[in-house]
Each structure stands twice: as C-alpha cells, then as structure tokens.
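Dear colleague,

I am passing on the structure we spoke about, and below it you will find notes on what came out of looking through it. Please read them with the model open beside you.

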Amino acid sequence: MSASTSVASATAEPLSVVDAQRRIAEAVAGQAPKDSEAVGLLAALGRILAEEVRSPHDVPPHDNSAMDGFAFAGQALVSGQTTRLRVVGRALAGHPYTDRVRAGDCVRIMTGAVMPEGTDTVVPFERCDQEDGAVLIAPGAVQPGDNRRRRGEDLALGAAALLAGRRLKPADLGLAASLGLTQLRVRRRLVVALFSSGDELCSPGEPLAPGCLYDSNRFTLAAALTQLGCEVLDLGRVPDDPQALDAVLRQAVDRADAVITSGGVSVGDADHTRVTLARHGDVAFWSLAMRPGRPFAFGRLERPDRAPCWFFALPGNPVAALVSFHVLARGALLTLAGASCDAVPMLAARCAEPIRKRPGRTEFPRVRLSIGADGYAQARPWGGQGSAALSALVGAHGLAVLGPQQGDIDIGEWVDVLPFEGLC
Ligand code: AMP
Ligand code: MG
C-alpha cells in the first residue's frame with residue numbers, strides 16, 4: 001500500500017464505503033499466507049480449500065437406474081404399439097444382474113442399481129402393466145434412454161470437483177466423500193489478534209467501577225472471527241495509554257496475521273493511537289461516510305523477513321464496531337485466509353415504515369424482515385438506531401444498505417438488505 005493511497009486524515013473529506021472497501025481489497029489481494037494442512041472431511045467444514053480437487057473416477061461409477069421399474073433395450077419400443085417384455089431377473093442397488101439381457105427381455109430394477117448389459121431404458125412400475133411374468137408398455141409411456149443415469153454424468157474422471165479457495169460447506173464434504181476421499185487440504189487458519197481499547201472498559205465478572213462499562217466488543221468480535229474460521233488471539237483490554245498500546249501491538253505483530261481493535265480511533269483519542277501506530281507501519285485513519293461507524297483505521301504493520309500483519313481498527317460503539325467489521329473487515333480477512341470471492345447474498349425487501357436517510361453517506365439501519373401481504377419480503381427498522389444500541393442489533397434480522405445517493409425512504413420502496421444469516 002503506497003502512502004499516497006493509504007493516508008487520509010480524520011478531518012479530510014469523508015471516504016465512501018465503496019472506496020474504503022476497494023482500497024482494503026487492493027491492499028490485501030494476493031497476500032494470503034500459503035501454508036496448508038490436511039484434515040479429515042468433517043474437520044474441513046468452514047475451512048478454505050487449499051488446492052483443487054479433481055475427480056479420481058467417474059461419478060456415478062456406472063450407468064444406473066433413476067427409478068424403480070424394468071430395465072430393457074429401448075430399441076424394443078415400436079411406435080404406436082404396445083411392447084411386451086419377458087421378465088428374466090432382477091437388479092438391486094449393490095446387487096447387479098450379471099447376465100446379458102437379450103432383446104425382448106427385461107430385468108426388474110431398483111433405483112441406483114447398475115443397468116444390466118444390453119439395457120439402456122427403464123420403464124417405471126407406475127408406467128407399465130404386469131401379467132404372467134411379462135411387462136406391457138403402452139405406446140409413448142417411455143422413450144429409449146429414459147430413466148437411466150449415465151456413468152460420469154455428475155463428475156467425469158479428472159473433472160474439477162471443488163475449486164481452490166472455496167469455503168467448504170456440507171455439500172462440498174459430501175461430494176468429497178462421493179469421490180472416496182477421507183481428507184482435504186485446507187489453508188491454515190488465519191490468526192487474528194483482538195483487543196479493546198479504552199480506560200472505561202471493565203471485563204464481565206468484574207465489579208463495574210463508576211463511569212465504566214463492560215467490554216462487549218471483544219466478545220462480539222471474537223465470535224464473529226470464530227464464525228469466519230479465524231483463530232482468535234485474545235489480547236484483552238488496553239488502556240488509553242501509548243506505552244500500553246505499543247506493548248500490545250508488539251505482541252500482535254509477533255504472533256498474528258492480522259489484528260482487530262475496537263475503540264480509540266475517534267477524533268478524541270486518535271492522535272496518540274496514530275503516533276504509536278506510525279512506529280509500527282503504514283496505517284491510514286479514515287473518516288468514513290457511513291452510519292453507524294465513522295472512524296476507522298486500516299493498514300499494515302511491518303515485521304522483518306515476514307509478510308506484514310494487517311491492522312483494522314474499528315470504532316468503539318458496539319453497533320458501529322460490528323457493522324464496520326462486516327462491511328470493511330470481513331471480506332479482507334476471508335481474502336487473507338485464502339478464500340476466493342465469497343459474495344454476501346443481499347435480498348431486496350419493500351420498506352414497511354418510512355426511514356429518514358441523509359444523502360451523501362451509506363447508512364445501515366437495523367431491520368426486521370417479514371413477508372408482506374403481497375408475498376414479498378418487507379423490512380422494518382428495528383429498535384433504537386443509535387450506534388451503541390446493541391439490543392437493536394440482537395432483535396434485528398439484518399442491515400438495510402442505503403447508498404450515498406439515497407435520501408429518505410418511503411413505505412413500499414425497495415431496499416437492499418444484508419441478512420445476518422448470510423454473514424458467517
Ligand atoms: P471510542 O471509539 O473509543 O471513542 O469509543 C466510542 C464509545 O464506544 C464510547 O462510549 C466507549 O465507551 C464505547 N466503547 C469503546 N470500546 C468498547 C468496548 N470494547 N465495548 C463496549 N463499548 C465500547
Ligand atoms: Mg475510547
């Protein structure tokens with residue numbers, strides 16, 4: 001990151017969310033540590049696949065029946081005539097019929113059973129009649145080739161089954177199992193150091209001193225990082241003191257790939273943070289055109305002979321901290337963990353109540369979702385919209401995303417919503 005792109009003072013023209021996201025994405029592109037490890041399939045859930053998986057054989061490994069019915073050679077079907085076939089045996093999944101089936105004969109077959117030699121078509125039980133050991137197929141009931149799954153139709157031998165950079169989901173693990181694999185090679189977890197800063201913070205379990213409040217951000221953010229697949233290095237609380245900040249940064253730089261902090265970047269306290277950070281690397285302090293979450297700092301902390309440690313300072317207000325994490329840090333951490341683009345699903349909902357919105361900045365009101373009388377999703381602003389109102393975040397289903405061009409939103413207008421469920 002060059003100084004010209006990184007440094008913007010807190011008093012400069014606010015930076016748009018999109019520009020901030022772009023600068024962060026450009027800085028971290030291609031910077032993921034390459035280390036990987038092999039883990040068992042279930043341990044791979046949520047991990048990032050380190051290398052492409054190719055199919056070591058055809059899936060399915062043989063032609064098989066897609067239905068319960070009778071397998072026969074489709075060329076026996078004559079247009080406009082009833083076809084009569086003699087039943088000569090049966091094939092079950094795992095118990096193939098091993099003789100060749102001759103023209104005019106058929107085999108009773110169950111779903112998944114190997115298509116016997118000489119057959120290419122299955123007539124389902126419900127589409128034929130049976131009498132005296134024979135099967136009668138009415139004209140047009142099936143076409144040659146119907147109800148047969150082809151060998152390799154899911155995945156051919158050598159085909160790319162899973163691409164490197166995937167965040168592994170249940171179906172990925174099932175697919176790996178269907179290839180006979182027992183392990184997958186995944187990127188090592190990204191180690192993210194986390195600390196909260198502020199003289200006023202107490203830890204849960206301690207008595208609350210006058211004028212103090214409990215440090216909630218460390219728990220919110222540790223949980224969000226864990227859900228993202230990171231290994232969290234909890235460095236605790238740090239007072240508003242340059243020496244203490246310096247000491248904790250040294251630890252973070254030594255032990256982590258990235259560090260996330262909350263608090264201490266508002267105009268009031270940014271100065272000492274800025275001076276301390278300048279000793280460790282190149283960190284830009286931004287005033288962002290967003291609400292909640294205006295102050296934000298991002299940059300790289302240098303370390304000799306090693307890749308830099310990436311630094312994200314989130315605002316202290318609890319809602320602003322989590323919203324900034326999702327909007328600004330999440331994507332970059334996934335990139336640093338080795339994930340390829342993992343677009344967050346947005347949904348469109350009609351606004352159920354007017355929302356006051358100031359043009360020129362991106363606002364993320366907390367909303368609840370429901371289905372409106374017209375059958376479409378609708379979003380209703382939820383709870384206090386103050387940037388410290390954590391309870392509103394708990395009750396909400398997601399964040400409406402109102403871009404800089406948007407002004408007040410009327411009832412019935414469409415808005416984009418970022419559902420929390422999609423953000424893990
Ligand atoms: P700051 O960004 O340090 O100016 O903090 C903004 C507000 O967020 C202040 O009211 C702080 O008390 C509060 N705050 C800062 N850090 C935390 C934290 N870790 N947990 C809960 N509230 C916090
Ligand atoms: Mg503070």
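In which loop does Asp-305 lie? Before the answer, please keep in mind that this is a predicted model. Asp-305 is placed in the loop between E20 and E21, where it is exposed, with a relative accessible area of 83%. Although Asp-305 is not a glycine, its phi is positive, at about 60°. Asn-147, which is not a glycine either, also has a positive phi of about 60°; it sits in the loop between strand E9 (134-137) and strand E10 (148-149), and with 24% relative accessibility it counts as partly exposed. As background, most residues other than glycine have a negative phi, and most peptide bonds are trans.

Another cis peptide bond links Arg-291 to Pro-292, with omega about 0°, and Pro-292 is found in the loop between strand E19 (290-291) and strand E20 (295-301).

Turning to the ligand, 16 residues surround ligand 1, and the closest are Glu-200, Asp-215, Gly-264, Ser-266 and Gly-316. The shell is made up of four nonpolar, nine polar and three charged residues. An N or O atom in the side chain of Glu-200 lies 2.6 Å from an oxygen atom of ligand 1, while a polar side-chain atom of Asp-215 is 2.8 Å from a nitrogen atom of the ligand. From Gly-316 it is a polar backbone atom that lies 3.0 Å from an oxygen atom of ligand 1. Of the 480 Å² of accessible area that ligand 1 has on its own, the protein covers 82%.

Helix H4 (residues 217-227) has Asn-217, Arg-218, Leu-221, Ala-222, Ala-224 and Leu-225 buried; these residues are on the same side of H4, because they cover an arc of only 165° around the axis. Their cover includes strand E13 (191-197), strand E16 (231-238) and helix H7 (318-336), among others. After H4 comes Gly-229, whose phi is positive, near 95°.

Finally, Arg-47 is in the loop between strand E1 (36-40) and strand E2 (53-54), yet it counts as buried, at 7% relative accessibility. Its side chain makes a polar contact of 2.7 Å with that of Glu-37. Leaving aside neighbours within four places in sequence, the residues in contact with Arg-47 include Val-39, Arg-166, Leu-168 and Arg-188.

Key
Residues are numbered from 1 along each chain as its sequence is written. Chains are lettered from A and ligands numbered from 1 in the order in which they are written. This is a predicted model: local features need pLDDT of at least 70, side-chain atom pairs count only at pLDDT 80 or more; totals for chains, interfaces and linings use all residues. Side-chain values use heavy atoms; hydrogens and water are left out. A residue is near a molecule or strand if one of its heavy atoms lies within 4 Å of it. A polar contact is a pair of N or O atoms within 3.5 Å; within protein, one must be able to donate a hydrogen and the other to accept it, and residues adjacent in sequence count only if both atoms are side-chain atoms. Accessible areas come from the Shrake-Rupley method with a 1.4 Å probe; for residues, only the protein chains shown count as cover. Ala, Val, Leu, Ile, Met, Phe, Trp, Tyr, Cys and Pro count as nonpolar, Asp, Glu, Lys and Arg as charged, and the others, Gly among them, as polar. Buried means under 20% relative accessible area, exposed over 50%, partly exposed in between (1.4 Å probe, protein chains only). Helices (H or I, at least four residues) and strands (E, at least two) are DSSP runs, numbered from the N terminus. The arc is that of the directions from the helix axis to the C-beta atoms. Contact means heavy atoms within 4.5 Å.
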